[in-house]
Amino acid sequence: MGFLEDNCTFSPLTGDVLLTANHFSCGHPDLDDFFLNDSVKYSKQYLGKSYCFLLDNDPKEIICAFTVSNDSIRVGTLPKKTRNKVNRRIPYVKQYNSYPAVLIGRLGVNKAYRGKKIGCELMDFIKAWFIDENNKTGCRFILVDAYNEEEPLKYYNKNSFLFLYETEDEEREFRNIDKDERLHTRLMSFDLIVLAPKYDLKV
């Protein structure tokens with residue numbers, strides 16, 4: 001049991017929700033701007049779908065929010081070491097040039113509710129959501145293009161996400177980013193198959 005499960009309701013983050021909601025801030029200007037000004041536009045253009053948890057005692061209070069969209073891990077864009085590591089976990093690898101994934105485009109927790117382990121609870125929810133047998137599509141990996149900052153990277157590492165590229169220099173090379181340019185984000189992934197024993201899934 002956790003704060004979200006005990007005290008909140010899961011909901012799409014719609015224009016109506018935002019119109020009546022209390023001010024939502026996760027303490028990161030870029031994230032705040034996206035959720036408040038761009039999330040609904042992304043949804044209407046089918047570029048990403050945003051969701052949130054609302055406080056049961058005050059449905060105007062957004063506790064956390066996230067945005068997901070379809071993506072894939074394209075084998076040819078990975079360094080050989082990472083590519084081999086991914087392929088070893090998947091049978092009949094010669095049949096695949098890419099693997100289905102969902103991208104977490106944005107994720108934030110209301111800064112007024114920090115210290116309640118909501119971020120990790122939210123990530124557990126997202127992971128479980130995409131391996132649920134009622135999910136309408138196959139999804140092997142969760143991807144995130146995490147801000148290359150201490151706090152976000154620490155959060156995703158804590159939640160068992162791994163860098164797709166071991167070093168920043170390697171990531172610049174494979175993403176065709178100039179070697180002298182600052183790397184603003186890092187690509188990270190989580191393989192949902194590791195949860196199969198926890199949820200008693202047959203693989």
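How far apart are the mean positions of the positive and negative charges of the chain? They lie 5 Å apart, for 29 positive and 30 negative charges. (Lys and Arg count as positive, Asp and Glu as negative; His and the chain ends are left out. Each charge is placed at NZ of Lys, CZ of Arg, CG of Asp or CD of Glu.)

This is a predicted model, in which local features need pLDDT of at least 70 and side-chain atom pairs pLDDT 80 or more, while totals for chains, interfaces and linings use all residues. Numbering starts from 1 along each chain as its sequence is written, and side-chain values use heavy atoms, without hydrogens or water.

View A. (Helices are DSSP runs of H or I with at least four residues, strands are E runs of at least two, and both are numbered from the N terminus.) Along the sequence the elements follow α-β-α-α-β-β-α-β-α-β-α-β-α-β.

View B. Of the 203 residues, 46% are buried. (Buried means under 20% relative accessible area, exposed over 50%, partly exposed in between, with a 1.4 Å probe and protein chains only.) The chain exposes about 12,300 Å², and carbon and sulfur atoms supply 49% of that area. (Areas come from the Shrake-Rupley method with a 1.4 Å probe; for residues, only the protein chains shown count as cover.) Among contacts with a separation of 6 or more, 72% link residues 24 or more positions apart. (Contact means heavy atoms within 4.5 Å.)

**View C. The open sheet of seven strands, with mixed pairing.** The strand order is β1-β2-β3-β4-β5-β7-β6. β1 (8–12) and β6 stand at the edges with a single partner strand each, so one side of each has no neighbour in the sheet. (Two strands pair if DSSP finds at least two bridges between them.)

**View D. The hairpin of β2 and β3, with two residues between the strands.** Strand β2 covers residues 49–55 and strand β3 residues 58–74. Seven bridges hold the pair in the antiparallel sense. L55 stands opposite D58 in β3.

**View E. β3 against β4.** These strands run antiparallel and are joined by eleven bridges. A65 has G108 in β4 as its bridge partner.

**View F. Strand β7, residues 185–191, with every position buried.** Seven of its seven residues are buried, so β7 is largely enclosed by the rest of the structure. T185, L187, S189 and D191 point one way. R186, M188 and F190 point the other way. In a regular strand the side chains alternate between the two faces of the sheet.

**View G. The two partners of β7.** Strand β5 (residues 141–147) runs antiparallel to β7 and is joined to it by seven bridges. F141 stands opposite D191 in β7. V144 has M188 in β7 as its bridge partner. Strand β6 (residues 162–163) pairs with β7 in the antiparallel sense over two bridges. F163 also stands opposite M188 in β7.

**View H. Two loop residues with positive phi.** K117 sits in the loop between β4 (98–109) and α5. The phi of K117 is near 60°, positive in a residue other than glycine. K117 is exposed, at 68% relative accessible area. S160 lies in the loop between α6 (150–158) and β6. The phi of S160 is near 70°, again in a residue other than glycine. S160 counts as partly exposed at 44% relative accessibility.

**View I. A128 in helix α5, residues 118–129.** A128 is partly exposed, with a relative accessible area of 21%. A128 and Y113 are 15 residues apart in sequence. Their C-alpha atoms are 22 Å apart in space.

**View J. T14 in the loop between β1 and α2 (15–20).** T14 is partly exposed, at 31% relative accessible area. Along the chain, T14 and G119 are 105 residues apart. The C-alpha atoms of T14 and G119 are separated by 21 Å.
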